[in-house]
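Hello,

Here is the structure I promised to pass on to you. Please have it open while you read my notes.

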Amino acid sequence: MPACRLGLPAAGLLLGLLLLFTHLSDAGAGAEKPGVCPQLQERTDCAKECSSDDQCLDNLKCCQAGCSSFCSSPNEKQGACPSVDFPKLGICEDQCQLDNQCPDNMKCCRNGCGKMTCATPTF
């Protein structure tokens with residue numbers, strides 16, 4: 001009988017801890033803002049400006065660039081950049097930095113030279 005009496009309080013305690021843990025993990029997650037992070041050049045300084053979108057002002061998103069994370073304007077256009085096998089030819093000068101600088105549904109993506117250019121997305 002004593003084991004039965006302990007079972008209910010123990011179950012309540014476990015449930016309370018589970019709810020507390022769920023609340024704490026949700027609070028640190030932050031709300032994700034619309035859009036996707038642009039394809040960024042990898043940074044090696046490992047600077048951590050943010051860890052989630054809610055730490056960024058206005059419509060900026062928290063984006064990864066290698067081991068670094070910082071607030072950046074999101075790409076708003078649908079689709080993904082086509083894969084590029086390096087080294088390939090490409091204009092070795094940045095032609096854009098954000099999707100909204102490209103015409104129609106084209107996205108700002110890395111080319112074979114490692115620079116940013118407008119490209120037709122893949123879906």
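Below is what I found, going from the whole chain to single residues.

First, the ground rules. This is a predicted model, so local features need a pLDDT of at least 70 and side-chain atom pairs count only at pLDDT 80 or more, while totals for chains, interfaces and linings use all residues. Residues are numbered from 1 along each chain as its sequence is written, and side-chain values use heavy atoms, with hydrogens and water left out.

Confidence

The chain averages a pLDDT of 76, and 71% of the residues score at least 70 (pLDDT is the predictor's confidence in each residue, from 0 to 100). Over residues 11-28 the pLDDT is below 50, and beyond near neighbours in sequence this stretch has zero contacts in the model (a contact means heavy atoms within 4.5 Å). Where pLDDT is low, the predicted coordinates should not be read in detail.

Overall build

Helices (H or I, at least four residues) and strands (E, at least two) are DSSP runs, numbered from the N terminus. Of the 123 residues, 25% count as buried; buried means under 20% relative accessible area, exposed over 50%, and partly exposed in between (1.4 Å probe, protein chains only). Among contacts between residues at least 6 apart in sequence, 44% join residues at least 24 apart.

The loop between α1 and β1

Ser52 lies between α1 (2-29) and β1 (61-65) and is buried, with a relative accessible area of 9%. The side chain of Ser52 makes a polar contact with that of Asp54, at 2.3 Å. A polar contact is a pair of N or O atoms within 3.5 Å; within protein, one must be able to donate a hydrogen and the other to accept it, and residues adjacent in sequence count only if both atoms are side-chain atoms.

Most residues other than glycine have a negative phi. Cys46, which is not a glycine, has a positive phi of about 55°; Cys46 is in the loop between α1 and β1 and is partly exposed at 39% relative accessibility. Asp58 is not a glycine either and has a positive phi of about 50°. Asp58 also sits in the loop between α1 and β1, and is exposed at 72%.

The loop between β2 and β3

Asp104 lies between β2 (68-72) and β3 (107-110) and is exposed, with a relative accessible area of 71%. From Asp104 to Thr120 there are 16 residues in sequence and 9.6 Å in space, C-alpha to C-alpha. Ser83 is in the loop between β2 and β3 as well and is exposed at 71%. Ser83 and Gly112 are 29 residues apart in sequence, with 9.5 Å between their C-alpha atoms.

The largest pocket

What lines the largest pocket? The lining consists of Pro38, Gln39, Leu40, Gln41, Ser72, Asp94, Cys96, Gln97, Leu98, Arg110 and Met116. By class, that gives five nonpolar, four polar and two charged residues. The volume of the largest pocket is about 190 Å³.A pocket, on a 1 Å grid over the protein atoms alone, is an open set of points where a 1.4 Å probe fits, with protein on both sides within 12 Å along at least five of seven lines; lining residues have an atom within 4 Å of a point. Volume is the space filled by probe spheres set on the points. Asp, Glu, Lys and Arg count as charged; Ala, Val, Leu, Ile, Met, Phe, Trp, Tyr, Cys and Pro as nonpolar; the others as polar.

Best wishes
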